[in-house]
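This report describes the fold of one protein chain and the surroundings of selected residues. Please consult the sequence and the structure while reading.

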Amino acid sequence: MTMDHTSDPNALRYVIDPDRLDLVEEFRASPLGVHSPELRKLLARMRWGRPEGRLVLIVLEPGKAWRLSRIPARRGDPMPFVDDRIFTSLAEAEWHVFKLRWKEMTGVTLPAEVSGDL
């Protein structure tokens, strides 16, 4: 049985190891694809937990355009955009969010050899 964030009670306790660049490379190679169990744990930790301030992608045009936002402190408040960038590739958008979350959660900026654009 495969567990994910909805069935694994320990998913939100996963500790992100900033030295696990193999997981970064795996995600970069396939941001929208099937991921290993270890990468799924990392992604569950990045994507879930306390909602306030969490980075999210807002769909501007289904299948065509996305913009980065943060979940506001109070439900119903406006969703503030992070910047003016509009993504026309969901894979690029997901990769961008992954890098930002990595920095926020580990305090470590990814090295240039693994942090370039797709």
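## Basis and overall form

A residue is termed buried under 20% relative accessible area, exposed over 50% and partly exposed in between, with a 1.4 Å probe and protein chains only. By this criterion, buried residues make up 32% of the 118 residues in the protein chain. The model is predicted: local features need pLDDT of at least 70 and side-chain atom pairs count only at pLDDT 80 or more, while totals for chains, interfaces and linings use all residues. Residues are numbered from 1 along each chain as its sequence is written, and side-chain values use heavy atoms, with hydrogens and water left out.

The C-alpha trace spans about 35 × 30 × 30 Å along its principal axes. The radius of gyration is taken over C-alpha atoms, and the globule rule is 2.2 Å times the number of residues to the power 0.38. For 118 residues a compact globule would have a radius near 13 Å, and the 15 Å of the protein chain agrees with this.

## Order of elements

The protein chain contains 4 helices and 3 strands. Helices (H or I, at least four residues) and strands (E, at least two) are DSSP runs numbered from the N terminus. The order of the elements from the N terminus is α-α-β-β-β-α-α.

Contact means heavy atoms within 4.5 Å. Among the contacts with a separation of 6 or more, 47% are between residues 24 or more positions apart.

Two packed helices are described by the angle between their axes and the distance between the axes. Axes are lines fitted to C-alpha atoms, for helices over the stretch in contact, and angles run from 0 to 180 degrees between N-to-C directions. Angles under 35 degrees count as roughly parallel, over 145 as roughly antiparallel, 65 to 115 as roughly perpendicular and the rest as oblique. The axes of H1 (residues 21-29) and H2 (residues 37-47) come within 10 Å and cross at roughly 85°; H1 and H2 are therefore roughly perpendicular to each other. Leu23, Glu26 and Phe27 of H1 make this contact with Glu38, Leu39, Leu42, Leu43 and Arg47 of H2. Ala, Val, Leu, Ile, Met, Phe, Trp, Tyr, Cys and Pro count as nonpolar, Asp, Glu, Lys and Arg as charged, and the others, Gly among them, as polar. On that basis the contact of H1 with H2 has 5 nonpolar, no polar and 3 charged residues.

The axes of H2 and H3 (residues 90-106) come within 10 Å and cross at roughly 80°, so H2 and H3 are also roughly perpendicular to each other. Here Leu42, Leu43, Arg45, Met46 and Arg47 of H2 meet Glu94, Phe98, Arg101, Trp102 and Met105 of H3. This contact has 6 nonpolar, no polar and 4 charged residues. The buried residues of H2 are Leu39, Leu42, Leu43, Ala44 and Met46, and they pack against H1 and H3. Glycine 49, with a positive phi near 115°, follows H2.

## Leucine 43 and histidine 35

Leucine 43 lies in H2 and is buried at 4% relative accessibility. Not counting residues up to four places away in sequence, leucine 43 touches Phe27, His35 and Phe98.

Histidine 35 is placed in the loop between H1 and H2 and is buried, with a relative accessible area of 11%. Beyond its neighbours within four places in sequence, histidine 35 is in contact with Glu26, Phe27, Ser30, Arg40 and Leu43. The histidine 35 side chain also reaches the backbone oxygen of glycine 33 at 3.3 Å.

Arginine 67 is found in strand E2 (residues 65-70) and is buried, with a relative accessible area of 16%. A polar contact is a pair of N or O atoms within 3.5 Å; within protein, one must be able to donate a hydrogen and the other to accept it, and residues adjacent in sequence count only if both atoms are side-chain atoms.

Methionine 79 belongs to the loop between E2 and strand E3 (81-87) and is partly exposed, with a relative accessible area of 34%. Leaving aside neighbours within four places in sequence, methionine 79 is in contact with Val56, Ile58, Ser69, Arg70, Ile71 and Pro72. The C-alpha atoms of methionine 79 and isoleucine 58 are separated by 9.0 Å, and these residues are 21 residues apart along the chain.
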